[in-house]
Amino acid sequence: AAVAGDPNTGGGGGTSHNGGGNPNAAAGGSGVIILRMPDANYSGTTSGSPTVDTSSVADKTILIFNSSGSYTA
């Protein structure tokens with residue numbers, strides 16, 4: 001059977017063909033956008049629901065978008 005791509009990886013979907021009919025296909029995985037900036041440059045103005053990480057990397061803010069949204073500098 002066809003297998004869909006993993007979410008937030010951008011991976012391609014699989015296909016299968018049983019030899020007797022039309023091939024089956026599955027959707028590709030959704031993508032992810034990651035923005036990293038100095039804490040001093042982060043405006044805090046976002047839309048959508050990004051994950052905002054200010055603790056993993058010293059003096060950096062990391063925004064992770066797994067769906068639609070925006071960041072305004």
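This is a predicted model: local features need pLDDT of at least 70, side-chain atom pairs count only at pLDDT 80 or more; totals for chains, interfaces and linings use all residues.
Biologist: What share of the residues of the chain counts as buried?

Modeller: A residue is buried when its relative accessible area is under 20%. Thr 61 is one example, as its 2% relative accessibility makes it buried. Of the 73 residues of the chain, the share that counts as buried is 14%.

Biologist: Which strands stand at the edges of the open sheet?

Modeller: Three strands form this open sheet, in the order 3-6-5, with antiparallel pairing. Strand 3 and strand 5 each have a single partner strand, so one side of each is left without a neighbour in the sheet. On average, neighbouring strands of this sheet are turned by 15 degrees against each other, direction ignored. The edge strands are strand 3 (33-38) and strand 5 (51-53).

Biologist: In strand 6, which residue is the bridge partner of Thr 51?

Modeller: Strands of a sheet pair through backbone hydrogen bonds. Here strand 5 and strand 6 (residues 60-65) pair in the antiparallel sense, over three bridges. The partner of Thr 51 in strand 6 is Ile 64.

Biologist: With which side chain does Thr 61 make a polar contact of 2.7 Å?

Modeller: Thr 61 is found in strand 6, and with 2% relative accessibility it counts as buried. Leaving aside neighbours within four places in sequence, its contacts include Leu 35, Met 37, Asp 39, Tyr 42 and Val 52. The side chain joined to that of Thr 61 by the 2.7 Å polar contact belongs to Asp 39.

Biologist: Is the aromatic pair stacked or edge-to-face?

Modeller: The structure holds one aromatic pair, and it links distant parts of the chain, with Tyr 42 in the loop between strand 3 and strand 4 (45-48) and Tyr 71 in strand 7 (residues 69-72), 29 residues apart. The ring centres are 5.8 Å apart and the planes stand at 10 degrees. Planes under 30 degrees apart count as stacked. So the pair of Tyr 42 and Tyr 71 is stacked.

Biologist: And is Tyr 42 buried, partly exposed or exposed?

Modeller: Buried means under 20% relative accessible area and exposed means over 50%. Tyr 42 has 23% relative accessibility, so it counts as partly exposed.

Biologist: Now to Ile 34: which residues does it touch, not counting those up to four places away in sequence?

Modeller: Ile 34 lies in strand 3, and its relative accessible area of 56% makes it exposed. From Gly 10, which is 24 residues apart from it in sequence, Ile 34 is 13 Å apart in space, C-alpha to C-alpha. The residues that Ile 34 touches are Ile 62, Leu 63 and Ile 64.

Biologist: How far are the C-alpha atoms of Ala 27 and Ala 2 separated?

Modeller: Ala 27 is found in the loop between strand 2 (24-25) and strand 3, and it is exposed, with a relative accessible area of 53%. Not counting residues up to four places away in sequence, Ala 27 touches Ala 4, Gly 5 and Gly 13. Ala 27 and Ala 2 are 25 residues apart along the chain, and their C-alpha atoms are separated by 9.0 Å.

Conventions: Residues are numbered from 1 along each chain as its sequence is written. Side-chain values use heavy atoms; hydrogens and water are left out. Two strands pair if DSSP finds at least two bridges between them. Helices (H or I, at least four residues) and strands (E, at least two) are DSSP runs, numbered from the N terminus. Axes are lines fitted to C-alpha atoms, for helices over the stretch in contact, and angles run from 0 to 180 degrees between N-to-C directions. Rings of Phe, Tyr and Trp (its six-membered ring) pair if their centres lie within 6.5 Å; planes under 30 degrees apart count as stacked, over 60 as edge-to-face and the rest as tilted. Buried means under 20% relative accessible area, exposed over 50%, partly exposed in between (1.4 Å probe, protein chains only). A polar contact is a pair of N or O atoms within 3.5 Å; within protein, one must be able to donate a hydrogen and the other to accept it, and residues adjacent in sequence count only if both atoms are side-chain atoms. Contact means heavy atoms within 4.5 Å.
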